[in-house]
Amino acid sequence: MTGGPWLGPTVESAMLEMKKQGHNGVVIAPVGFVCDHVEVLYDIDISFRQFAHEQGLKLWRPESLNMSPTLVAALAKLASTRMALASGIVSLA
């Protein structure tokens, strides 16, 4: 918690707006996170899912990337390229 005001809207108010518009379900995709952790596992999978259920909404969450081979390969390539640049082995010029 930063102590500053939340930018909004809240997830709950967005879910209620979707319901008001006639939708019967929502997809919550935490795009700021590449792996599961307490904010994803508790806030979305437990708290928001319970809120959705209470509102008569279905809730889906796409799988996090976690140990995706594609993600791991991309991160390894990025790290090795940056290390080579930093050591002067390669140049972007």
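In which loop is the place of serine 64? Serine 64 sits in the loop between strand 2 (58-60) and helix 3 (69-87); helices (H or I, at least four residues) and strands (E, at least two) are DSSP runs, numbered from the N terminus. The model is predicted, so that local features need pLDDT of at least 70 and side-chain atom pairs count only at pLDDT 80 or more, while totals for chains, interfaces and linings use all residues. Residues are numbered from 1 along each chain as its sequence is written, and side-chain values use heavy atoms, with hydrogens and water left out.

With a relative accessible area of 13%, serine 64 is buried (under 20%; exposed is over 50%, partly exposed in between, with a 1.4 Å probe and protein chains only). Its side chain makes a polar contact of 2.7 Å with the side chain of aspartate 36. A polar contact is a pair of N or O atoms within 3.5 Å; within protein, one must be able to donate a hydrogen and the other to accept it, and residues adjacent in sequence count only if both atoms are side-chain atoms. Neighbours within four places in sequence aside, serine 64 is in contact (heavy atoms within 4.5 Å) with Val34, Cys35, Asp36 and Val40.

Serine 80 belongs to helix 3. It counts as partly exposed because its relative accessibility is 42%. A polar atom of the serine 80 side chain lies 3.1 Å from the backbone oxygen of lysine 77. Between the C-alpha atoms of serine 80 and methionine 18, which are 62 residues apart along the chain, the separation is 44 Å.

Leaving aside neighbours within four places in sequence, alanine 52 is in contact with Met15, Leu57 and Leu59. In soluble globular proteins, nonpolar side chains tend to be buried together.

Helix 2 also provides the largest share of the lining of the largest pocket, 5 residues. By class, that lining divides into 9 nonpolar, 3 polar and 3 charged residues. Here Ala, Val, Leu, Ile, Met, Phe, Trp, Tyr, Cys and Pro count as nonpolar, Asp, Glu, Lys and Arg as charged, and the others, Gly among them, as polar.
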